[in-house]
Amino acid sequence: MPNLKDIKSRINSVQNTKKITKAMKMVAAAKVKKAETTVKAARPFSDELLHLFRKMLGTVGEYSTQGLKVERGLDNYPELIKPRAVKSEGLLVMTSNKGLAGAYNANVIKSALKRVKENSENGIKTVIYPVGQKAVSAFKHKAGDYELKKGYLSIANEPNATGANIIAEDIAEDFVNGKIDSIDIFTTHFNNMMSYNVVAWEVLPVKVEKASEKELDPLMLFEPSPHAILQKLVPMYITNSIYQALLEANASELASRMTAMSAASNNAEEMITTLTIDYNKARQSAITQELVEIVSGANGVKG
């Protein structure tokens, strides 16, 4: 017969767990609405920036750093848009710092590891740039043919343009110096509160189709020069791509956590119901046993 004390202890334990998961669900729900608004508001800017970038590329013609001040890799825009043979690929893998977000982190890491395997089979070196503690931990302990760079942890909690710019400067420096020949972002595209898709975005070299002649404005004037403007626009485009990926990842993570905690709370409620039924059955059985013993004892005294 089940021990009443043990069942009661389990019920209390599950009730405490339910309180925690319900609280985490409420926190995630409060945050995800703000994250959803932010990511959807940022998309039109990204689209317009891409449109402007295409027009600039179609207008400038030949790219050159002549007359331009180049102090960092991110300023060397001709090198950042120049395609090259890929012998080493960088992967910017975006995860969260915390778990309890369903399969969110596992899906992103699994997709990145698949690319690592493909690169290894094709003789391409892989360099991992992890964003979030989960990516750092996963690639530290998983076997694979890749080089692990420093992790970006604080930016995973609060996506912002400053953090995106820091990442952009680091990867652009490695790209210009020849340490990597291309880099992709492994992130998620936020669809709605219930779904997201793991995606890989090409960042470097910048691959943007030039605008056609019909799209170009013949009256456009550039000051001080098209090259100077393009030198500012390319870093802005790269940084914004990373920032948009961070926003998409953050919204997807919060939505996944809200869904996971909602499911955990429902499971806890079902478990409490089942344990309560078991407790009542055990209690009823114990009472019945006691009555049987009392009646048997009374009959024995009469006999």
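This is a predicted model: local features need pLDDT of at least 70, side-chain atom pairs count only at pLDDT 80 or more; totals for chains, interfaces and linings use all residues.
Local features require pLDDT of at least 70 and side-chain atom pairs pLDDT 80 or more, whereas totals for chains, interfaces and linings use all residues. Residues are numbered from 1 along each chain as its sequence is written, and side-chain values use heavy atoms, with hydrogens and water left out.

Q: Why is the aromatic pair of Tyr104 and Tyr196 called edge-to-face?
A: Rings of Phe, Tyr and Trp (its six-membered ring) pair if their centres lie within 6.5 Å, and planes under 30 degrees apart count as stacked, over 60 as edge-to-face and the rest as tilted. Tyr104 and Tyr196 lie 5.8 Å apart centre to centre, with 75° between the planes, so the pair meets the edge-to-face definition.

Q: Why does Phe139 count as buried?
A: Buried means under 20% relative accessible area, exposed over 50%, and partly exposed in between (1.4 Å probe, protein chains only). Phe139 has 3% relative accessibility, and therefore counts as buried.

Q: Why does Ile294 count as exposed?
A: Ile294 has 56% relative accessibility, so it is classed as exposed.

Q: How do you know that Arg84 lies over the face of Phe175?
A: The definition requires NZ of Lys or CZ of Arg within 6 Å of the ring centre and within 35 degrees of the ring normal. Arg84 is at 3.9 Å from the ring centre of Phe175. Likewise, the charged end of Lys8 sits over the ring of Tyr279, 5.5 Å from its centre.
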